[in-house]
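User: I would like to go through the terms used for this model and see the cut-off behind each one. Please set each value against its definition.

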Amino acid sequence: MKEKKITLINILLLLPFIAIAVLIGSCSKSPIHEQIITPPDTSHTTTYENGIFVVNEGNYTWGNASVTYIENKSNIIIQDIFRKSNDRSLGDVAESMKIANNLGYLVINNSNRIEVVSLKDFKSVKTITGLDSPRYLEIVDSNKAYVTNLKKNISIINLQTNTVTGTIQINGWTENLIGFDKYMLVTSIGGYTEPSSIRKPKILVIDTQTDAIVDSIETGKEPIGLVIDKKQKVWTLCTGGYDQYEAPSLIRINPELRLIEKVFTFPDPNKVPSRLSINTTGDTLYFLNGGVYQMPVTSVALPDQPLIQSDGRLFYGLAIHPGTGKIFVSDAIDYVQNGMVYQYNIDGTLVSTYAAGRIPGSFCFTKSISK
Amino acid sequence: MTSILSGSAKYFITLTFALYSILLCSQGYSQSVGDTLRLPEFEISSKYILDNSGFKRVKIDSSLLINHLNADLSNILSQYSTIFIKSYGNGSLATPSFRGTTSRHTQVEWNGVKLNSPMLGEVDLSQIPVSQFDGLEILYGAAGISRTTGAFGGVINLVTNPDWNNRLNILTAASLGSFYTYTTNVNVVAGTSSFQSHTKFNYSSSSNGFPYFNDYLKETIRQQSAAFALYGMSEELFWKLKDKHLISVKFRYNENDHNLPPTASNINTNHLEKQKENLLLTVIEYKFVEKKYNLLVRSAFSDQKMHYILDSSINNTHRYSQWINKIRLAYFGIRNLTIKPGIDFTYDQVNSDAYNGTKFRATTSLFSEFNYEIGKNIKTSLVIREDLIDGKFLPVVPALGIEFLPWNKFNLSFTLNLARNYKYPTLNDLYWNISGNPDLKPETNYSIEIGSAFNHKSKDRKFFFEFNLAGYYSWIYQMITWSPVNGSSIWKPENIDEILARGLETGLNFKWEILRFLISLDNNYNFCRSTYQKASSAYDQKIGKQLIYIPVHTLNSTLNVERWKFYLNYNFYYVSDRFTAKDNLSIMPGYYLSNIIFGKNIGLKKIVLSLQIQINNIFNLDYQAIPDRPMPGINYAFTLKLAFPNSAR
């Protein structure tokens, strides 16, 4: 074999290969995040001021939370509107959405932030950070809101600057909020990691003028869900604890006297009721317990038959349309594929079905509720 | 399809480039280095073993592992086998999936002793350093029944073997890599023709703060809190008496400490997630070899501890001990027939914060294998296994294999095997606090596999060619899937899914000795369709859809060139899109990675000094195996190895 030196020709021969290698390297910057095979619909140009937002939680740690928009009049469905308008993921586990001052507040639990979006174009106008695993936001007035957290404290938000201005100190997990008079009622579950036997569940009464906890009402384990009926009675649903410490219960509270008036105990401790809702007229409660259950606030017993059978579906979210009174229920299917949303009449007949995103969990309705 | 085409086109181009540049470079170098060193003996060995007739077993050479002392098992399997490794990030949880099954269906063994946790049923491959084994064999599908029940995907066995010709061999290696990654290995192998001792130490640590493009923040940031450290030591003693008795005692200790980084969309938070694991493993083995029969008796004890912390919310310690025993007899006294009866006994004990009290499981397994030769051209084997778990008999697990060799002078074989297999639930499935489901039934698997293998060696032994092909079709019934209980946040395991996995595996390997270059080229391609066959409700879209996180195509190719004691290893692997939804409506994009190792062995009297540079992900590709879990871009490692070989040869 002949011995050769590195010659100019050798180097020149090498050049095209180096060029190809560099080319491959540089053209390989394909997107690396999770891709939706049916990308967000860009054919419809719309504002988001008259419709229904379906908040899709997404899978824990996968960062694939999204929002599906259903326009009221046209029934047009647009998927993943946050990515469409902002070219990025909404984050990890979108818990809930609330509208205040014509802005949408998306509470992103495991990304520890609230995305504030304009309802005109759904573009993010602010990202609120400094939260501790946030759950729900409730408006106090046009300047102030409270946000519950899984880990600790209730955060106080200034709705004008969209920043966290303070906290109401609580050791543990707070969930739902509802305004009553000048007070905010908040379900307080106990330490996030504590077993039910240690937890001291209660409904906190917070004076919204002083941000101080002025009183509390003891409840069953894990109170999740809080509504007020037409007679100004407060209802909360207790799951009995994640460790099935006790039977689940539905509790009616007199918020004036801060006393429990009535406890309905669920017969089957293995079935866990959830998503307590009430219609606009405040006379009928709805909740999930496998199927969708309907219960007049005057009822003396829990309903024993569901209004809507689950038929193998995994009902996950529930809301009553404030304008039409129609029942919206979401189906997470098996949590690892895109879910569905079903619209029902109050008699339980199906009106329409909508495709949604991954784990549709909660709904938010715009102020304009024409339909 | 376009991504596959472009992937393979790029692969071809890069490969050509690599080959071409090597030829040029080495010609340039030849003058200065000279060619006085003798070429190592060119060993030819088939990767496709035709032992356990009719079943597929593949070997990964120890010669390949020696250049990867700073790697872990997950790197090796991604690069050189077509087993897909689901990795949560560099140094983080990495689990194998092959033949369209999950990591629970893959058994990983160290010298025949299973490493799978009885809790999760899987092994974290990122925690097994390459330095702790000399070679590895992969048993595909039903081939695993000769080792265990329930390994529907197969078995990965890591082996260490004594070399009776060795007298003293000291190897020290130190590696310095990107992101403050350090690896140190010391191996002392000493002995006589009847006694050998292997002493090995390994240490590696990394700050692991690699830069990546964060799609959520739209900027490049460094990975946070992802540091890890691994320590390990092992001592293995082998005695041989009159070529009849072989006694070995093996002892291994590992300690792994790692931070688990936050996901890409959960940054800027006070994320604290840590895991610490300790493993102590002792194996005592006795082999008796006679003309008409062999006997193997093995007893192993392993003790593992895992401590997991997540923020202030989870602080759990799991501790599990396993006592694993095996007796095998092989009788060759009857013409054309070998009978290998045996019994396995395993006792698991788990003490976990996530369980209500200590849990135990006793598994007794009766085993027999019959190998029968029909004439010179047909070999058959029948494996029968019967498990007795906590006093309950599982149905019989049978596997039948047939191998047909039509020509004696021509190394072409055809294989067929049929099997039924069962997978008993893991202890987590049964006993995890609140979620555990004691009513679970075992998963059932029916499989059929056909294969063909061919190899050819030129008469001057300078060219070797090998080809293998296997197709499988496998049903899994009553597959255990964790899913949410209606209306609550509790997930429970249930016998829900029905899976159909079918696929094609091909391998094409070459070895040349040409102009004193030693060139080898190994290629593997896998096609796997593994689909859900049962829906949970009318709106469930998963029937006929690919299982999540299982790629349809995987391909790898390795070019190895040696000359003048230089060595170059170019590895390319491609993983196609993986679905992240059971309705197959979202995907993680596929990726192709290229890695290069270039080194030189310098012989200095009694010392061999090796210098090696390794470039991983040379095209600096951004990729993720799991959503929101970034992987490192281009990174480097420099390795210095010093060996003091002293052999009786």
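User: Which residues of H3(B) are buried, and what makes a residue count as buried?

Analyst: In H3(B), the buried residues are Leu73(B), Ser74(B), Asn75(B), Ile76(B), Leu77(B), Ser78(B), Gln79(B) and Tyr80(B). A residue is buried if 20 or more other C-beta atoms lie within 10 Å of its own, exposed if 12 or fewer, and partly exposed in between, with C-beta atoms placed from the backbone. Helix H3 of chain B spans residues 73-80 and is described as mostly covered, since 8 of its 8 residues are buried. The helix label itself comes from DSSP: helices are runs of H or I of at least four residues, strands are runs of E of at least two, and both are numbered from the N terminus.

User: What kind of model is this, and how are residues and chains labelled?

Analyst: This is a predicted model, in which local features need pLDDT of at least 70, side-chain atom pairs count only at pLDDT 80 or more, and totals for chains, interfaces and linings use all residues. Residues are numbered from 1 along each chain as its sequence is written, while chains are lettered from A and ligands numbered from 1 in the order in which they are written.

User: Why is Phe345(B) called partly exposed?

Analyst: Phe345(B) has 15 C-beta neighbours inside 10 Å, and therefore counts as partly exposed. Phe345(B) lies in strand E19 of chain B, residues 337-352. Leaving aside neighbours within four places in sequence, Phe345(B) is in contact (C-beta atoms, placed from the backbone, within 7 Å) with Asn325(B) and Thr364(B).

User: Why does Tyr231(B) count as partly exposed?

Analyst: The count for Tyr231(B) is 17 C-beta neighbours inside 10 Å, so the residue is partly exposed. Tyr231(B) is found in strand E14 of chain B, residues 228-241. Beyond four places in sequence, Tyr231(B) is in contact with Tyr203(B) and Glu255(B). From Tyr231(B) to Arg298(B), 67 residues away in sequence, the C-alpha to C-alpha distance is 26 Å.

User: What makes chain B as compact as a globular protein of its length?

Analyst: Chain B has 4 helices and 35 strands. Its radius of gyration is 25 Å, close to the 26 Å that the globule rule gives for 649 residues, so chain B is as compact as a globular protein of that length. The radius is taken over C-alpha atoms, and the rule is 2.2 Å times the number of residues to the power 0.38. Along the principal axes, the C-alpha atoms of chain B fill a box of roughly 75 × 70 × 45 Å. Buried residues make up 44% of the 649 residues. Of the contacts in chain B between residues at least 6 apart in sequence, 62% join residues at least 24 apart.

User: What are the corresponding figures for chain A?

Analyst: Chain A has 2 helices and 28 strands. Buried residues make up 44% of its 371 residues. Of its contacts between residues at least 6 apart in sequence, 43% join residues at least 24 apart.

User: What makes E17 and E20 of chain A edge strands?

Analyst: An open sheet of 4 strands in chain A has the order E17-E18-E19-E20, with antiparallel pairing. Strand E17 (223-228) and strand E20 (259-265) are its edge strands, as each pairs on one side only. The twist averages 20 degrees from one strand to the next, where axes are lines fitted to C-alpha atoms, for helices over the stretch in contact, and angles run from 0 to 180 degrees between N-to-C directions.

User: How do you know that E18(A) and E19(A) pair?

Analyst: Two strands pair if DSSP finds at least two bridges between them. E18 (residues 234-238) and E19 (residues 249-254) of chain A are joined by 5 bridges and run antiparallel, so they pair. Val234(A) has Ile253(A) in E19(A) as its bridge partner.

User: Where in chain A is confidence under 50?

Analyst: The predictor's confidence in each residue, pLDDT, runs from 0 to 100. In chain A, pLDDT stays under 50 over residues 1-6 and over residues 22-29. The mean pLDDT of chain A is 87, and 88% of its residues reach 70 or more.

Note on methods: Two residues are in contact if their C-beta atoms, placed from the backbone, lie within 7 Å.
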